[in-house]
Amino acid sequence: MTTVISPYPSAATRARIKDAVRNYKQFRLQQDIHHVTRYNEYIETLRSLHKDSSELINWHDVKKIPPPLEEAADNKKEKQARQRLLSYSPSFFDKLFNKKEKRIRQLTSLLEQAIIFDKADHEQYLLDYQAAVSDWQRLQKIAAGVLAKNPGAYKEAIAYFEPYNEIKESGAAIILNFEPAYINIHLSINTTDIIPAYNLIQTSRGKLTQKEMPLSKFNELHQDYVCSCILRLARETYAYLPVDLVYIQVTTQDVTIVSVAIPLNILNKLKFDSIDPADSMRNFTHHMKFSKSGGFSAVEPVQILSL
C-alpha cells in the first residue's frame with residue numbers, strides 16, 4: 001500500500017494554528033488597550049497634580065509629642081521554651097523507648113536557642129528605639145525652628161517630609177530659597193522630557209497608533225502641567241511651613257515662562273477638584289504670556305515684596 005503524504009497541514013494543525021493566531025491577536029489587543037490606558041493616565045496626571053496635597057501639619061502639636069519610651073526585654077521566646085521544658089512529662093512511648101533523656105536534651109537545646117534569639121531581638125529593638133529617639137529629637141528641633149520662623153528649620157522640614165517628590169518624579173527640578181516670611185521656589189521644566197508630542201490611540205480595528213499631537217493641544221497640555229505644578233507646590237509649601245507668601249518662578253531652557261505670587265487666603269478659596277489650573281492663575285499676581293499657537297513667551301519675574 002502506498003502512503004500519500006499531503007502537502008497541506010491537517011485539519012487539527014490548521015485549527016491549532018488558527019487558535020494560536022487568534023489568541024495572539026487577542027493578547028496584542030489587550031496589550032494595546034493597556035498602553036493606551038497608561039498613556040491616558042499619564043496625560044491626566046500631568047493635568048491634575050494640584051488635586052492632591054499633604055495634610056496641614058500643626059507644629060504646636062508636634063512639639064507636644066512625648067519621646068518614645070524604652071521597653072524592657074520581654075524574653076518571650078525564652079519564657080515559652082523554659083515553660084515547655086519545666087512542664088515536660090515523659091509520655092508512655094518516651095518511657096517505653098528510653099527517649100526521656102533525649103527529649104530533655106532537645107528541650108534544653110531549644111531553650112538555649114531561644115535565649116540567643118531573644119538577645120538578638122532585643123538588640124534589634126534597641127537599634128530601632130535609638131532610631132526612633134533620634135527621629136523624635138530631629139522633629140522636635142525642626143518644630144521649634146519652624147515655630148520661630150527660622151529659614152534653616154524650613155529647609156529641614158522640607159528635607160524631612162519631602163513633599164515635592166511627585167513633582168520631581170514627573171521630571172521637574174526644584175530649587176528653594178527660604179526667608180522667614182516667604183518662600184521663593186524655582187521650578188525648572190524640561191518640556192521634551194515631560195510632555196509627549198504625540199497622541200496614542202487605538203483604531204476601530206484594535207491597532208495601536210501613534211499620531212503627532214496638534215501644536216495647540218501640546219501647548220495647552222504644557223500650560224496645564226506647568227500651572228498644576230504651581231498650585232501643587234503652593235499647597236505643599238503651606239501644608240508644612242507657616243509662611244505668608246509663596247513665590248514661584250517656572251523656567252524652561254533657562255527662560256522664565258511663569259512667575260506668580262500665591263497668598264494662602266486666596267489659594268484656600270479655590271476648588272481644586274474642578275478648577276482649570278491655567279485659568280486659576282488669574283486669581284494671583286502673576287506674569288504669564290501664552291497662546292495656543294505659540295505656547296509660552298518669556299516674562300519678567302514678579303517682584304518680591306518686603307514682608
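Residues are numbered from 1 along each chain as its sequence is written. The model is predicted, so local features need pLDDT of at least 70 and side-chain atom pairs count only at pLDDT 80 or more, while totals for chains, interfaces and linings use all residues, and side-chain values use heavy atoms, with hydrogens and water left out.

**The sheet**

Start with the open sheet, in which 6 strands follow the order 1-2-5-6-7-8 with mixed pairing. Strands (E, at least two residues) and helices (H or I, at least four) are DSSP runs numbered from the N terminus, and two strands pair if DSSP finds at least two bridges between them. Strand 1 (172-178) and strand 8 (295-297) are at the edges; each has a single partner strand, so one side of each lacks a neighbour in the sheet. On average, neighbouring strands are turned by 30 degrees against each other, direction ignored.

**Strand 5**

Select residues 245-252, which make up strand 5. Here 8 of its 8 residues are buried, meaning under 20% relative accessible area with a 1.4 Å probe, protein chains only. Leu 245, Tyr 247, Gln 249 and Thr 251 are on one side, and Val 246, Ile 248, Val 250 and Thr 252 are on the other.

Strand 5 runs parallel to strand 2 and is joined to it by 7 bridges. Ile 183 is opposite Val 246, and Leu 187 has Val 250 as its bridge partner. With strand 6 (residues 255-263), strand 5 pairs in the antiparallel sense over 8 bridges. The two form a hairpin with 2 residues between them, and Gln 253 in the turn has a positive phi of about 55 degrees.

**Asn 184**

Next, select Asn 184 in strand 2 (residues 182-189). Asn 184 is buried, at a relative accessible area of 16%. Leaving out residues up to four places away in sequence, Asn 184 touches Ile 175, Leu 176, Asn 177, Tyr 247, Gln 249 and Ile 304; contact means heavy atoms within 4.5 Å.

Move to helix 6, which lies across strand 1 and strand 2 and runs at about 155 degrees to strand 1. Axes are lines fitted to C-alpha atoms, for helices over the stretch in contact, and angles run from 0 to 180 degrees between N-to-C directions.

The contact includes Leu 139 and Ile 142 of helix 5 and Tyr 154 and Phe 161 of helix 6.

How values were computed:
Buried < 20%, exposed > 50% of the residue type's maximum accessible area, 1.4 Å probe, protein only.
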